[in-house]
Amino acid sequence: MWFTFSFTVCVANFFCSISFVNACHTTGTNIPVIAKYFSTKGRYEEVNPYLIEDILAVNKSLLQPPSPECRGIHLTAIVRHGTRYPTSKNVKKMRQLHNLIVREVSDPEVQREIKQWKMWYTDEMDGRLVQKGVDDHRHLAVRLSKLFPSLITEKKLRDGNIKFMTSSKHRCVNSTMAFKGGLTQLWNIKDQNVDHEVNDALMRFFDHCTKFVETVENNPPALAELDKFKLGAEMTRVQEKIADRLTVPYSRITADMAEAAFYLCAYEFAIKTENSPWCQLFDEVDAQVLEYANDLKQFWKRGYGHDINSKTSCILFHDVFSRLERAAGESRSGEKVTEAVTIQVGHAETLLPLLTLLGFFKDSEALTSTNYATQSQRSFRTSQMLPYTANLLLVLYDCGDQGLRLQPFLNERPLAFPGLGANEGYAPLYKDVREHYKYLLDGCDFETECQLFPPH
């Protein structure tokens, strides 16, 4: 399914009147101390703090080509949607907590700080993109055009060499429109429409994998480690501290309520840049525990916890590598690369299985309910991996006599392919990357992996 996007419609519906030069930014004084622990509810700026002062800043020193002889010939970007409202499920939890406080908290200090806060989230918001999410994507578009000026160009956009694909979810479609609008506004393109494809088979593959849906998504025991952690000493202590601060009995604050208060702090900051009274319910130790709880959830539901989690992304893996191979073939034969850039907008649930399949952020020990204390230095940390607008970039370079090379980036920072060079920023030969993942290229069949009872 293809959709056409008009720049004028984008301006009317999504763009605030501020110019790129005067783009809104946040001063450091209003940032909650616990903001860096917000997991998948965190801002992109906490991952790249230099953006707080200048949202269009780029760190070109981190994104140099492998050598001066190298030129970029293809870029694939798999991007999470921008900042959004909470889902209706989380709104219900927030409302339950707010009602408890209004009804039962009598301490005047708490009453002034929290009771005066108005519950403004509604079920109808249900994960929709907010204005900050629109800005997230239009700013990312401009930054990527600065980082890869030979690939993301006005001519390539006009000639149809930059392709856009999105999940059907409104927050992803609107993020895609914002990204395109960022480029058309940058180049003042008003005489041409830019298409995008809606493709849930690739961007919401997890919905179509029967084995995953049955054995993980709809199977509570699959998240047993998270459930045990919620009943453990660390989470219990967080709940007790919240109850003490609210002056209510310990029994009134459940793990879900602690999470709801944490999310209220995160959403108020991400959406409105407010260090709200909810943030005062937590210290840094509490935030680290709640971050770990969310990491446990993501680990067992989308990451290394179950083999099928990563295998759900086989279809996207093959799509990405077939595109890379097509660009490589065109370059080898001296032809123009027809698809110079592909922007694919999806979800955290799109990115994490693919990152897992590729072997990124794998710790020596699995995350469990009992090893919180030893996982403080873990690689698998969703606050750094999967903020709003998280992006995995794969850049293919033609380096002349040095061959074709492939460099991965996450959130505008270079990564090292696991097992293919220890240095971040090292771009291995493209043929070595294909050889490294040969077992996936030759296998990893989505239809086979996702059968509940595959044939023997």
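Author: Let's start with a term: a residue is buried when its relative accessible area is under 20%, exposed when it is over 50%, and partly exposed in between (1.4 Å probe, protein chains only). Cys-172, for instance, is buried, with a relative accessible area of 0%.

Reader: Before we go on, what kind of model is this?

Author: It is a predicted model, where local features need pLDDT of at least 70, side-chain atom pairs count only at pLDDT 80 or more, and totals for chains, interfaces and linings use all residues. Residues are numbered from 1 along each chain as its sequence is written, and side-chain values use heavy atoms, with hydrogens and water left out.

Reader: What is a disulfide, and how many does the structure hold?

Author: In general, a disulfide is a covalent bond between the sulfur atoms of two cysteines. Here the term is given to a pair of cysteine sulfur atoms within 2.5 Å, and the structure holds four.

Reader: Which handedness has the link of Cys-314 and Cys-444?

Author: That link is left-handed, with -85° about the S-S bond. The sulfur atoms of Cys-314 and Cys-444 are 1.9 Å apart, and both residues are buried.

Reader: And what is the pairing of the bonded cysteines, numbered in sequence order?

Author: Nice one to finish on: the pairing along the chain is 1-6, 2-8, 3-4, 5-7.
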